[in-house]
Amino acid sequence: MYSTSSENLEKVIKNAGKIAMEFGGNQVGTEHILYGLTTVKECMAQKLLSEYGVTSASLKEILNEEEYDNKVVAGVDVEKKKKSKELL
């Protein structure tokens with residue numbers, strides 16, 4: 001059964017923060033939130049994302065790629081945005 005509880009939201013945010021820190025970031029970006037959504041099994045978003053092949057493992061693989069960097073232009077990380085679009 002899937003839940004919409006604030007408990008799940010807390011888990012998503014917590015996991016997003018962890019992955020951001022793991023990759024040396026000092027801010028949580030949309031890619032980190034997306035990662036967080038893939039980590040909470042009780043969350044409907046996790047099921048939907050996994051049906052399209054978006055998993056925590058696939059996102060972590062993208063975050064590990066050499067091309068992934070922290071260059072931000074006008075508040076939008078262009079490279080990360082390109083990678084996210086490629087995945088989806």
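Of the contacts in the chain with a separation of 6 or more, 47% join residues 24 or more positions apart. The model is predicted. Its chain has five helices and zero strands, giving the pattern α-α-α-α-α along the sequence. Of the 88 residues in the chain, 30% are buried.

- Helix H4 spans residues 56-64, and its buried residues are Ser58, Leu59, Ile62 and Leu63.
- These residues lie on the same side of H4, because they cover an arc of only 140° around the axis.
- An α-helix has 3.6 residues a turn, so residues three or four places apart point the same way.
- Ala57, Glu61 and Asn64 are exposed, and they sit on the face of H4 turned away from its buried side.

**H2 against H3**

- Two packed helices are described by the angle between their axes and the distance between the axes.
- Helix H2 covers residues 30-39 and helix H3 covers residues 44-51.
- Their axes come within 7 Å and cross at roughly 100°.
- H2 is therefore roughly perpendicular to H3, since angles of 65 to 115 degrees count as such.
- On the H2 side, the contact is made by Leu34, Leu37 and Thr38.
- On the H3 side, Ala45, Gln46 and Leu49 make the contact.
- By class, the contact of H2 with H3 has four nonpolar residues, two polar residues and no charged residues.

**H2 against H4**

- The axes of H2 and H4 are 9 Å apart, and the two helices pack at an angle of about 155°.
- H2 and H4 are therefore roughly antiparallel to each other, because angles over 145 degrees count as roughly antiparallel.
- The crossing of H2 and H4 is left-handed.
- H2 contributes Glu31, Leu34, Tyr35, Thr38 and Thr39 to the contact.
- H4 contributes Ser56, Leu59, Lys60 and Leu63.
- By class, the contact of H2 with H4 has four nonpolar, three polar and two charged residues.

Technical notes: Residues numbered from 1 in each chain as written. Predicted model: local features only at pLDDT ≥ 70, side-chain atom pairs only at ≥ 80, totals over all residues. Heavy atoms only, no water. Buried < 20%, exposed > 50% of the residue type's maximum accessible area, 1.4 Å probe, protein only. Helix = DSSP H or I, 4+ residues; strand = E, 2+ residues; numbered from the N terminus. Arc of directions from axis to C-beta. Axes fitted to C-alpha atoms, helices over the stretch in contact; angles between N-to-C directions. Parallel < 35°, antiparallel > 145°, perpendicular 65-115°, else oblique. Contact = heavy atoms within 4.5 Å. Nonpolar A, V, L, I, M, F, W, Y, C, P; charged D, E, K, R; others polar. Left-handed = near helix turned anticlockwise from the far one by under 90°.
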